[in-house]
Amino acid sequence: MTTSLTAAEARRIHLAAQSLARRRPPGRPGPARFREYLDRQGVLQLDSVNVLARAHYLPLYSRYGPYDRDRLDGWLSGSDHAFEHWGHEASVMPRALLPAMHHRMVAGTSWQVRTRERLDRERPGLLDEVRARVEESGPFTSSELEHLAPREGRRGTWWDTSHVKDALDHLFITGEVASARGPHFRRTYDSTSRAWGLAPASRGDWGMPAYDAHRTLFDHALAATGIGTPSDLADHFRLPRAHRAGWADSAVERGLARWVEVEGWREPALLATGASDPVRATASALLSPFDPVCWYRPRLLRMFGVDYRIEIYTPAPQRVYGYYCLLFLHGDRFEARVDLKALRKDGVLSVESAWREPGRPQGTRRRDDASVAAALAAELAVMAGWLGLGEVRVVPRGDLAAALEAEVRLL
């Protein structure tokens with residue numbers, strides 16, 4: 001039996017599943033919250049962009065508020081509960097999902113084959129030598145093993161690589177060595193036996209068959225997002241699209257979900273068993289481009305009316321909203337987007353531009369600029385304190401900048 005939901009109900013159900021429907025819980029988050037987030041989402045995306053804060057810091061802040069970032073890094077690197085691999089891009093994942101990632105490690109993708117062939121041609125024996133060193137005496141950073149194949153050219157200014165780093169990345173992707181993050185976001189590499197208590201992927205029988213692994217990851221995405229089309233759910237772990245209908249039907253057959261029709265959606269959606277509508281969404285939060293709610297652009301547009309892209313790689317004269325825009329969630333809608341930059345030496349959280357969100361869900365009424373600016377200013381003040389910045393400064397760019405600056409001055 002198919003149930004019908006309004007678009008607003010679907011939004012609230014999704015936000016509730018994402019822990020973004022209610023105001024943040026009291027208290028300063030610690031390992032219990034870190035584990036709660038990782039277990040629920042199944043993936044915490046990593047990225048080197050640090051203009052505001054590292055990508056993996058922001059989703060937890062958005063949901064739980066200010067916390068000690070060093071404490072999170074220590075938990076991620078020292079916990080036997082987490083591991084790093086290619087979940088949704090480069091990611092930290094709960095150790096329980098390691099068997100479901102085995103098939104990706106041994107799949108023999110075109111990148112894996114090309115990289116191995118190139119390394120064998122240009123640096124014969126390097127892969128085996130690097131693997132042996134890591135297994136014997138790891139963990140190592142790539143710089144600590146550079147002497148095995150000294151660079152032949154100058155370092156790059158953007159994507160810096162070398163034969164040793166390529167070898168380590170190949171061994172990491174194929175599950176022959178494990179990876180973690182050390183101080184200052186540096187990646188370290190260690191043996192899988194020390195890091196995971198398991199044999200390397202090529203020699204271990206600890207993995208799931210590919211179909212079972214895909215279905216496990218799809219089920220996890222369903223619980224994490226609450227509601228979505230099969231394509232929405234497949235994107236959570238970047239699953240191949242070809243079998244998503246089969247995973248969806250399997251989830252329904254096993255009682256994990258039921259099919260629903262959502263107002264304005266062109267295809268049916270899966271509603272997770274146990275997912276519920278909180279009736280009213282009361283949270284306010286800034287969400288980064290690397291937040292699970294923002295990952296899948298078709299869902300973001302369909303569910304919230306937001307047409308969004310990261311403009312980091314767009315030439316500056318062609319940017320519309322700014323280098324690193326965060327979306328401002330207020331209730332069950334996105335009401336603004338702000339380009340933020342941490343001027344650490346000056347102790348300033350700089351709002352490089354502030355805009356009213358031009359898109360909104362069909363049938364919703366536009367809030368006035370003053371109320372949006374007031375709520376956004378309060379959130380920016382909290383974020384500045386979390387980042388150790390003593391001032392919020394608004395650059396006069398964007399159609400919300402003037403109203404936001406006025407509210408910031410009142411804080």
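Predicted model: local features only at pLDDT ≥ 70, side-chain atom pairs only at ≥ 80, totals over all residues.

Mentor: Strands of a sheet pair through backbone hydrogen bonds, either parallel or antiparallel. Here, β1 and strand β9 (residues 257-262) run parallel and are joined by three bridges. Within β9, valine 260 stands opposite threonine 3.

Trainee: What packs on the sheet, touching β9 and β10?

Mentor: Helix α12 (residues 244-253) does, in contact with β9 and with β10 (269-272). The direction of α12 makes about 115° with that of β9.

Trainee: In what order do the four strands of the open sheet lie?

Mentor: The order is β1-β9-β10-β8, and the pairing is mixed. β1 (3-5) and β8 (227-228) each have a single partner strand and stand at the edges, so one side of each lacks a neighbour in the sheet.

Trainee: Let us turn to the aromatic rings. How many aromatic pairs does a search of the whole structure find?

Mentor: The search finds ten. One of them joins phenylalanine 83 and tryptophan 196, with 6.2 Å centre to centre and 80° between the planes. Planes over 60 degrees apart count as edge-to-face, and this pair is edge-to-face.

Trainee: Why does the pair of phenylalanine 83 and tryptophan 196 tie together parts that are apart in sequence?

Mentor: Phenylalanine 83 belongs to strand β3 (residues 82-86), whereas tryptophan 196 lies in the loop between α9 (192-195) and α10 (210-225), so the parts tied together are 113 residues apart in sequence. Phenylalanine 83 is buried, at 3% relative accessible area. Tryptophan 196 also counts as buried, at 9% relative accessibility.

Trainee: How is the pair of phenylalanine 218 and tryptophan 247 to be classed, given its planes?

Mentor: The planes lie at 50° and the ring centres 5.8 Å apart, so this pair is tilted. Phenylalanine 218 sits in helix α10 and tryptophan 247 in helix α12, so the pair links distant parts of the chain, 29 residues apart. Phenylalanine 218 counts as buried at 0% relative accessibility, and tryptophan 247 counts as buried at 0% as well.

Trainee: Which residues do ring pairs link into a cluster?

Mentor: The cluster consists of Phe34, Tyr61, Tyr67, Trp75 and Trp386.

Trainee: Over which rings does the charged end of arginine 69 sit?

Mentor: The charged end of arginine 69 sits over the ring of tryptophan 386, 5.4 Å from its centre. Tryptophan 386 is also one of the cluster residues. The charged end of arginine 69 sits over the ring of tyrosine 57 too, 5.9 Å from the centre of that ring.

Terms used: Residues numbered from 1 in each chain as written. Heavy atoms only, no water. Pairing = 2+ DSSP bridges. Helix = DSSP H or I, 4+ residues; strand = E, 2+ residues; numbered from the N terminus. Contact = heavy atoms within 4.5 Å. Axes fitted to C-alpha atoms, helices over the stretch in contact; angles between N-to-C directions. Phe/Tyr/Trp six-rings, centres within 6.5 Å; stacked < 30°, edge-to-face > 60°. Buried < 20%, exposed > 50% of the residue type's maximum accessible area, 1.4 Å probe, protein only. Lys NZ or Arg CZ within 6 Å of the ring centre and 35° of its normal.
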